[in-house]
Amino acid sequence: MEGITLLNLEKVSLSKELFTSEAIISAASNYTNQYYVNIQSNNDTFEVSITPKNGSEADGEAIKGYYNDLIDEQVRHNLELKFGKLREMIVEEAFRPLEVK
C-alpha cells in the first residue's frame, strides 16, 4: 500500500502526507493492552513499532490489525474535518429549546 512501508514484523513506516498524528495515536491506543507501542516522528514519516508485551515473537498480525485500525481512524478524522461543522449545526438545532406561543 502506498504510504505504508512494512519495515519488519513489528515496525511500519507511515507517510505524513496520508496519515495524521491523531489517527496514528488513536489506532495505536487499541494495542497498548497487549503490546508496547512506540511512535517516532521523522521528516516525512512516522515509524510505529508494535512489540508483544509477553516476550513472544512478532507474527505480523498486530501490524496487519494496526493497518486496518489506522485506516478506520484516518477516515474518521477526514470525515470530521469535512462534516464536523455540519454535525455541530445539526446537534445545535436538535437541542435548541422550543419556542412556545
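Mentor: Ground rules to start: the model is predicted, so local features need pLDDT of at least 70 and side-chain atom pairs count only at pLDDT 80 or more, while totals for chains, interfaces and linings use all residues. Residues are numbered from 1 along each chain as its sequence is written, and side-chain values use heavy atoms, with hydrogens and water left out.

Trainee: In what order do the elements of the protein run from the N terminus on?

Mentor: Helices (H or I, at least four residues) and strands (E, at least two) are DSSP runs, numbered from the N terminus. The protein has two helices and four strands. Read from the N terminus, the order is β-β-α-β-β-α.

Trainee: What is the radius of gyration of the protein?

Mentor: That value is taken over C-alpha atoms, and the globule rule is 2.2 Å times the number of residues to the power 0.38. The C-alpha atoms fill a box of roughly 70 × 30 × 20 Å along the principal axes. A compact globule of 101 residues would come out near 13 Å, but the protein has 18 Å.

Trainee: Which residue in β4 stands opposite V12?

Mentor: Strand β2 covers residues 11–15, and four of its five residues are buried (under 20% relative accessible area; exposed is over 50%, partly exposed in between; 1.4 Å probe, protein chains only). β2 pairs with strand β4 (residues 45–52) in the antiparallel sense over five bridges; pairing needs at least two bridges found by DSSP. Opposite V12 stands V48.

Trainee: E73 forms a salt bridge with R76, so is E73 buried or partly exposed?

Mentor: A salt bridge is a side-chain nitrogen of Lys or Arg within 4 Å of a carboxyl oxygen of Asp or Glu, and here the closest N and O atoms are 3.1 Å apart. Because E73 and R76 are three residues apart in helix α2, about one helical turn separates them. R76 is partly exposed, at 48% relative accessible area. With 17%, E73 is buried.

Trainee: What relative accessibility does L86 have?

Mentor: L86 is found in helix α2, residues 61–94. Its value makes it count as partly exposed. The number is 45%.
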